[in-house]
Amino acid sequence: LQALAVTGGIELRWREASVGFALEVSDAVGLAAVWKPVGGTPGVVDEQWRVVVPAQQASRFFRLVRSP
């Protein structure tokens, strides 16, 4: 999972071969973490899934998890 600063937000990228995974976001990590699906629909560009999320002042954490 890569994160890049882009105009108006953060672009998250991961390998196109990562089929069956979902992108999630949380305001915390560890026992306090409450993971939720990231809004937006990823698209494939140059063999990578990509989605832009709005920039915020608060810290956020992202992860890829295998979908059930």
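Biologist: Which strand gives the largest share of the lining of the largest pocket?
Modeller: Rolling a probe the size of a water molecule over the atoms shows where empty space is left. A pocket is an open set of points on a 1 Å grid over the protein atoms alone, where a 1.4 Å probe fits, with protein on both sides within 12 Å along at least five of seven lines; lining residues have an atom within 4 Å of a point. In this predicted model, strand 3 provides the largest share of that lining, three residues. Strands are DSSP runs of E, at least two residues, numbered from the N terminus.

Biologist: Which elements give two or more residues to the lining of the largest pocket, and which residues lie nearest its centre?
Modeller: Those elements are strand 3 (21-26) and strand 6 (48-54). The lining of the largest pocket has 14 residues, and W14, F21, A22, L23 and P42 lie nearest the centre. The space in this pocket is about 160 Å³, the volume being that filled by probe spheres set on the points, which are joined across faces, edges and corners.

Biologist: How do the lining residues divide into nonpolar, polar and charged?
Modeller: Ten are nonpolar, four are polar and none is charged. Nonpolar covers Ala, Val, Leu, Ile, Met, Phe, Trp, Tyr, Cys and Pro; charged covers Asp, Glu, Lys and Arg; the others, Gly among them, are polar.

Biologist: How many salt bridges does the count come to?
Modeller: A salt bridge is a side-chain nitrogen of Lys or Arg within 4 Å of a carboxyl oxygen of Asp or Glu. The count by this rule is three. One joins the side chains of E11 and R13, at 2.5 Å from N to O. E11 also pairs with R50, where the closest N and O atoms are 3.7 Å apart. Because E11 lies in strand 2 (residues 9-15) and R50 in strand 6, this pair ties together parts 39 residues apart in sequence.

Biologist: Where do R63 and E24 lie, and why does their pair tie together separate parts?
Modeller: R63 and E24 form a salt bridge with closest N and O atoms 2.8 Å apart. R63 lies in strand 7 (residues 61-66) and E24 in strand 3, so the pair links parts that are 39 residues apart in sequence. Elsewhere, salt bridges with shared partners join E11, R13 and R50 into one network.

Biologist: Is E24 buried or exposed?
Modeller: Buried means under 20% relative accessible area, exposed over 50%, and partly exposed in between (1.4 Å probe, protein chains only). E24 is buried, at 15% relative accessibility, whereas R63, at 32%, is partly exposed. E11 and R13 are both buried, and R50 is buried too.

Biologist: What conventions apply?
Modeller: Residues are numbered from 1 along each chain as its sequence is written, and side-chain values use heavy atoms, leaving out hydrogens and water. Local features need pLDDT of at least 70 and side-chain atom pairs count only at pLDDT 80 or more, while totals for chains, interfaces and linings use all residues.

Conventions:
Helices (H or I, at least four residues) and strands (E, at least two) are DSSP runs, numbered from the N terminus.
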